[in-house]
Amino acid sequence: TEVGESLACLHIAGPKARDVIAKGCPLDLHPRVFGGVGHCAQSHLAKTTVILHQVSETPGFDLYTRRSFSDYLWRWLEDAGREYGLVGAAS
């Protein structure tokens, strides 16, 4: 999803979404610490800066990053989620 001219939004959701994100993000994503719809933080994921926004209890997260890094981050998420059965879908 295009967000303005500089950011892209990638969405990841499902029971293992936290585990996939935790592979490359230094934030404590445990639900007691980073839990609940609306929780938001700026950090990095893999080698990109991101704004991480929890948008559902599934859990589901929107990851906002620079458009120029969105393809890299998408591919990183696909690779990181492979062990959990991640199914990627472009929109």
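Q: Lysine 23 first: what's its relative accessible area, and how does that class it?
A: This is a predicted model, and in it lysine 23 has a relative accessible area of 40%. That makes lysine 23 partly exposed, because the class runs between 20% and 50%.

Q: Which side chain does lysine 23 meet in a salt bridge?
A: Glutamate 83, with N to O at 2.4 Å. The pair links distant parts of the chain, 60 residues apart. Lysine 23 sits in the loop between α1 (17-22) and β3 (40-45), while glutamate 83 is in the segment after α2 (67-81).

Q: And glutamate 83, buried or exposed?
A: Exposed, at 58% relative accessible area.

Q: How many salt bridges turn up in the whole structure?
A: A search finds 4.

Q: OK, which residue does aspartate 71 pair with?
A: Arginine 75, and the closest N and O atoms of that salt bridge are 2.9 Å apart.

Q: What about aspartate 79, which side chain does it meet?
A: The side chain of arginine 82, in a salt bridge at 3.0 Å, N to O. Aspartate 79 counts as partly exposed with 47% relative accessibility, and arginine 82 is exposed with 58%.

Q: Changing topic: where is threonine 65?
A: In strand β5, which covers residues 60-66.

Q: Is that threonine 65 buried or exposed?
A: Buried: its relative accessible area is 1%, and the cut-off for buried is under 20%.

Q: So what is threonine 65 in contact with?
A: Leaving aside neighbours within four places in sequence, threonine 65 contacts Ser6, Leu7, Ala8, Thr48, Thr49, Val50, Ser70 and Leu73.

Q: Thr49 is on that list. Which atom of threonine 49 does the side chain of threonine 65 reach?
A: The backbone oxygen, at 3.0 Å.

Q: Last one: how far is threonine 65 from glutamate 78 in space?
A: C-alpha to C-alpha, threonine 65 and glutamate 78 are 16 Å apart, and in sequence the separation is 13 residues.

Note on methods: Residues numbered from 1 in each chain as written. Predicted model: local features only at pLDDT ≥ 70, side-chain atom pairs only at ≥ 80, totals over all residues. Heavy atoms only, no water. Helix = DSSP H or I, 4+ residues; strand = E, 2+ residues; numbered from the N terminus. Buried < 20%, exposed > 50% of the residue type's maximum accessible area, 1.4 Å probe, protein only. Contact = heavy atoms within 4.5 Å. Polar contact = N/O pair within 3.5 Å; in protein donor to acceptor, adjacent residues only side chain to side chain.
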